[in-house]
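Here are my comments on the model, point by point. Please read them with the coordinates open.

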Amino acid sequence: MAKVKIVAATGCPTGIAHTFMAAEALKKAAKHMDVEIKVETHGQAGIENALTKEEIEAADGVIVAADKDVNTERFHGKRLVDVPVAKALRGAEELIQQIIDKSAPVYRAKGGVLPEKATGEDNQPTGKKNIGRSLYKSLMNGVSHMLPFVVGGGVLIAISFLFGIYSADPNHESYNAFAAFLNKVGGLSFSVMVPILAAFIAEAIGKRSGMVAGFIGGLLAVESGAGFLGGIIAGFAAGYLIVLLQYLFKKLPRSLDGLKTIFLFPVLGIFLIGAVMFPLMSPVAALNEAMMAFLASVQSSSPLLLGLIVGAMCAFDMGGPVNKAAYVTGTLLLSEGNLYFMAGVSAACIAPPLITAFAVLFFGKYFNKEERNSGMVNFILGSTHITEGAIPFAAKNPIVVLPILMIGSAIAAIMTYMFGVQVPAPHGGFLVLPVVTGAVKWVIAILTGSVIGGVLFGLYRKKIANGKPIEG
């Protein structure tokens, strides 16, 4: 019998770890199950190992493990398993089995007609999506495109401060032309952060025409002071306004498709998003300001509570929706000038892999050879803010291990807030230490939480091993 052929696409919002770990998990599972697979990855460097039309047509099924838009329209008529990226890490073989068993539903793209071979009674066509997951993927599509602007701009602004906090001010005695240049360029990158977020939320929903309306909606949000909340609202509003326009004009002759895309949708989309956003801007701006004030008060008055919440969220699912809720909030707050919140989030995201690394370092004989190797690698992954390195350890007993990781992350976040550390970039881990305000204190906070968590994790492994070293 011919081998089962599968094509897959993986992608996570940051496009750094989950994307490639999921791809590797699918390849490893496929090899074990004697299945032929090709995996397309959607990372920060763009699309790699892209699937061709011929490869898709020849495939017996498709696996999409992504938390961002990967253009599923091209998989019309194929059996499709569409899941969050984390599911490929935890159960790659189960996903592949759905294609082998032909239990995966056949995907019907919007407005598409299924081929005859895909319309049998045992094979009911479907294009239905979970609404919550669809909204989440659209939001994460915006976040993934926004991140490079935040990282690049934030780091350049922070570097300018190394010349002096007022070094970009031409009227101050510490003025430095190069620092002013860095501050200006970094500030421009930051200034388009919300419009980019809104544009690519809308693009995930309404494609290219949605991106245009979303960008303008994002600009309106920035101009009005509605900030990132306004940007998120603008992105979703613009995307669904374009979907509405596509529905209203769907009966126009196909010869006018170009006119719709280049003229009707941009003009009407921009007009409509303006009409929607103008009455919303004032109340959303007020809400945004109230939230900023609330967070500022909590940071100063209740660092223990804030650190506990942020630490627990970041370690709970390590790159999943709960983690991303804290991470995205911290990232977006950077555009509001709040560098404190992100410091705690980063500390809490760095801690989990370091916890597993210290556990292996201190209690190595209670881990097998593969775990010891992974643990040592986690010193590197943790130091560069790749939380997902802890997932293989947590997956073996999440009920016990996750609370330990949450404790360590919470300690790191609490100490970070108590020390008043400021981090200007949402990623990079210890690589951004030169531009961190209170860098030494930040490292101390992270290492304290990581070592405590590592000891707890090591003692747990010692207990389940009944004090006996693990062979291999």
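**Notes on the sheet and the salt bridges**

1. Start with the pairing of β4 and β5. These two strands run parallel and are joined over four bridges. Strands pair here if DSSP finds at least two bridges between them. Strands (E, at least two residues) and helices (H or I, at least four residues) are DSSP runs, numbered from the N terminus.

2. A word on the basis. This is a predicted model, in which local features need pLDDT of at least 70 and side-chain atom pairs count only at pLDDT 80 or more, while totals for chains, interfaces and linings use all residues. Residues are numbered from 1 along each chain as its sequence is written, and side-chain values use heavy atoms, with hydrogens and water left out.

3. On its other pairing, β4 meets β1. The two are parallel and share six bridges. Ala8 stands opposite Ile63 of β4. Ala9 has Val64 of β4 as its bridge partner.

4. Now the whole sheet. It is open, with five strands in the order β3-β2-β1-β4-β5 and mixed pairing. The edges are β3 (46–48) and β5; each has a single partner strand, so one side of each lacks a neighbour in the sheet. On average, neighbouring strands are turned by 15° against each other, direction ignored. Axes are lines fitted to C-alpha atoms, for helices over the stretch in contact; angles run from 0 to 180 degrees between N-to-C directions.

5. Helix α3 (residues 85–100) packs on this sheet and touches β1, β4 and β5. Its direction makes about 170° with that of β4. Contact means heavy atoms within 4.5 Å.

6. How many of the six residues of β4 are buried? Six of the six are, so the strand is largely enclosed by the rest of the structure. Buried means under 20% relative accessible area, exposed over 50%, and partly exposed in between (1.4 Å probe, protein chains only). In a regular strand, side chains alternate between the two faces of the sheet. Gly61, Ile63 and Ala65 are buried on one side of β4, and Val62, Val64 and Ala66 on the other.

7. Turn to the charged pairs. The count is six salt bridges, each a side-chain nitrogen of Lys or Arg within 4 Å of a carboxyl oxygen of Asp or Glu. Three of them deserve a look, taken in turn below.

8. Lys3 bridges to Asp34, with the closest N and O atoms 3.3 Å apart. Lys3 lies in the segment before β1 (5–11) and Asp34 in the loop between α1 (18–32) and β2 (36–43), so the pair ties together parts 31 residues apart in sequence. Lys3 is partly exposed at 44% relative accessible area. Asp34 is also partly exposed, at 48%.

9. Asp69 bridges to Lys207, the closest N and O atoms being 3.6 Å apart. Asp69 sits in the loop between β4 (61–66) and β5 (80–83), and Lys207 in helix α6 (residues 193–224), so this pair ties together parts 138 residues apart in sequence. Asp69 is partly exposed at 23%. Lys207 is partly exposed at 33%.

10. Lys137 bridges to Asp82, with the closest N and O atoms 3.8 Å apart. This pair links distant parts of the chain: Lys137 is in helix α4 (residues 131–161) and Asp82 in strand β5, 55 residues apart. Is Lys137 buried or exposed? Lys137 is buried, with a relative accessible area of 11%. Asp82 is partly exposed at 28%.
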